[in-house]
Amino acid sequence: MDRRLFVKLTGLGALGLAARPALDLFAAAEIPAHSPLAQRRWAMVMDLRKCQEAGDCEVCIAACHQAHNVPKMDRPDEEIKWVWKESFHHTFHDQEHPYLDEQLRHGPVLVTCNHCENPPCVRVCPTQATWKRDDGIVMMDWHRCIGCRYCIVGCPYGSRSFNWQDPRKHLAEPHKDFPTRTKGVVEKCTLCEERLTRNQLPACVEACPAGALVFGDLGDPDSPVRELLKSRYTLRRKPNLGTQPQVYYIV
Amino acid sequence: MLEKALYGDRKYWTWLAALGAVGLMGVLFYFYQFANGLTVTGLSRDVTWGFYIAQFTFLVGVAASAVMVVLPYYLHHYKAFGKMAILGEFLAISAVLMCMLFIFADMGQPFRIMNMFLHPTLHSMMFWDTIALSGYLVLNVVISRATLSAERKGLPPAGWVKPLIYLSIPWAVSIHTVTAFLYAGLAARPFWMTAILAPRFLASAFASGPSLLILLALILRRVANYDVGKEAIQKLAVIVAYAMSVNVFFVLMEIFTAAYSNIPEHLLHFEYLFFGLEGKSALVPWMWTSEILAVLTLILLINPKTRAKEGLLGLACAMVFVAIWIDKGMGMVVTGFVPSTMGLVNEYFPTLPEIGITLGIYALGALLVSLLYKIALGVRRSLV
């Protein structure tokens with residue numbers, strides 16, 4: 001790097017720093033500051049009533065899939081899904097009964113990767129192409145994945161998708177800030193870790209007009225997720241398997 | 001020693017050419033799959049493993065079953081298996097290689113296969129299965145080569161071979177145990193999460209593998225004038241009879257536990273397998289075929305009179321092979337996915353490219369068996 005370039009880049013960096021407070025004024029929402037000593041542990045609480053009252057709203061799904069270059073496949077059996085709607089019956093078939101509230105029972109449930117405390121997908125992956133970070137996010141390395149699909153077999157929640165064919169052919173307008181994938185690899189929700197590093201909330205949470213999705217830090221006793229988990233009774237999917245999902249549902 | 005494979009009559013070369021042609025067809029289908037992705041298979045979001053993994057699981061059993069001739073011959077000095085042991089070892093080599101090819105065919109990113117070794121992952125059963133299978137392959141190659149070349153020189157096998165042979169016995173058990181662990185440790189799939197899966201895999205392996213060996217021995221007697229001896233065949237038939245009985249017993253254990261406990265997530269899989277779910281019943285005729293064949297083979301094999309007749313024995317062995325191929329292959333693998341973890345009932349049907357690749361791999365396996373048997377028989381002949 002020559003001197004001129006160095007000066008230019010330093011200038012640009014300084015400009016960025018200066019612009020930061022101004023940008024923050026316009027930011028929709030961001031993650032509250034936390035004690036640097038506390039370990040962060042991300043979690044999500046979904047309020048099913050709020051979500052279902054919004055009817056056919058799929059803003060969160062669109063926001064996520066757009067931000068992450070999730071392709072729209074023609075064949076339903078080859079769909080790639082990071083976050084999607086599933087019937088209550090299929091989501092909680094071990095926790096339903098015929099006398100549940102009709103709206104709840106027949107209404108859709110938003111499902112995604114549960115970012116389990118004990119993720120079976122991580123346990124089975126033969127190449128560590130998927131792993132759990134210290135903040136609880138179950139991550140994927142699309143460049144290391146060999147496409148054996150063992151993680152899909154091991155996941156009790158159907159949260160993982162495989163690229164049966166080239167996904168790039170099914171992207172209308174690829175988003176430049178996020179990588180696209182190749183055929184033959186597994187992908188799933190990464191809890192917007194790329195947005196979290198920019199201090200932004202996950203795309204689905206930010207997009208939800210009903211405020212049905214609450215994201216936060218379980219390590220912080222005053223966080224909105226901890227408040228909700230304390231004040232409301234919540235469900236988790238297949239709690240008996242010991243995976244400890246970190247997506248909670250208020251019913 | 002290897003040059004023995006190069007001397008054969010017209011029939012031999014025609015046979016090899018036919019197998020080579022089928023293998024080539026498989027390779028061409030594989031290129032098609034490689035270019036387009038696994039979308040050319042019948043696999044889907046819900047059924048993510050299918051025909052390839054079914055063949056893999058079945059063939060691990062065939063590979064492991066070599067121990068059923070190796071153990072009596074080397075450990076108990078059961079001399080009647082003298083001509084059979086090498087056939088078992090060579091069959092094991094071919095079966096393990098076919099297993100590896102099926103895994104390769106199933107991979108979404110086959111060129112990244114070295115990631116398995118670059119990032120060895122001790123908590124993944126797939127890593128251990130790779131170790132078990134590669135180790136078993138090496139053991140069998142070394143052992144069969146050492147014993148055969150010693151035999152050619154008219155000497156007993158070198159001293160260092162013995163410990164390897166003893167090691168290969170538990171190792172054979174391990175390959176099928178670890179293959180069962182691929183399935184049996186998954187909380188997500190109640191159909192497979194049963195402690196009896198590994199014992200059941202071993203029982204079905206010790207029925208299907210020796211059945212194939214008996215068939216091969218009967219064929220070799222006709223086409224190559226190589227007789228392993230009536231006693232060896234009959235002894236192996238007894239092993240098949242016991243193993244098949246234990247296998248059927250284990251299957252009944254499974255069905256009892258699921259049916260009597262009446263836990264839906266266990267029972268639904270068996271319902272799908274034997275009666276169909278939500279009007280979807282692709283596997284039902286196959287499974288009933290498998291069960292009927294199993295019962296018939298038990299009648300033929302347990303009865304000493306029918307077992308002693310080699311014609312009937314051959315028929316029974318073919319039936320055992322088919323029954324277990326259905327039950328342990330598609331029946332075991334696909335049913336784990338139906339219903340899915342979400343409770344969805346979506347079926348799976350293998351496609352033409354999948355069947356083409358599968359036939360190709362089997363043809364390459366048969367080609368290798370033929371070459372290896374040619375070598376073994378050639379060495380034996382030159383001794384006489």
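Predicted model: local features only at pLDDT ≥ 70, side-chain atom pairs only at ≥ 80, totals over all residues.
Residues are numbered from 1 along each chain as its sequence is written, while chains are lettered from A and ligands numbered from 1 in the order in which they are written. Local features need pLDDT of at least 70, side-chain atom pairs count only at pLDDT 80 or more, and totals for chains, interfaces and linings use all residues.

Chain A contains 10 helices and 10 strands. These are DSSP runs numbered from the N terminus (helices: H or I, at least four residues; strands: E, at least two). The C-alpha atoms of chain A fill a box of roughly 70 × 45 × 35 Å along the principal axes. Of the 251 residues, 42% count as buried (20 or more other C-beta atoms within 10 Å of the residue's own, with C-beta atoms placed from the backbone; 12 or fewer is exposed, and in between is partly exposed).

An open sheet in chain A has four strands in the order β8-β1-β10-β9, with mixed pairing. Two strands pair if DSSP finds at least two bridges between them. β8 and β9 (234-235) of chain A stand at the edges with a single partner strand each, so one side of each has no neighbour in the sheet. Strands β1 (residues 42-47) and β10 (residues 247-250) of chain A pair in the parallel sense over four bridges. Here V45(A) has Y248(A) as its bridge partner.

Helix α3 of chain A spans residues 59-67. Its buried residues are C60(A), I61(A), C64(A), H65(A) and A67(A). Seen down the axis of α3(A), they fall within an arc of 165°, so they line one face of the helix. The arc is that of the directions from the helix axis to the C-beta atoms. Just after α3(A), N69(A) takes a positive phi of about 55°.

Chain A also meets chain B: 36 residues of chain A are in contact with 32 residues of chain B (C-beta atoms, placed from the backbone, within 7 Å). On the chain B side, α5 (115-118) and α6 (125-152) give two or more residues. α6(B) gives the most, with three residues.

Conventions. Contact = placed C-beta atoms within 7 Å.
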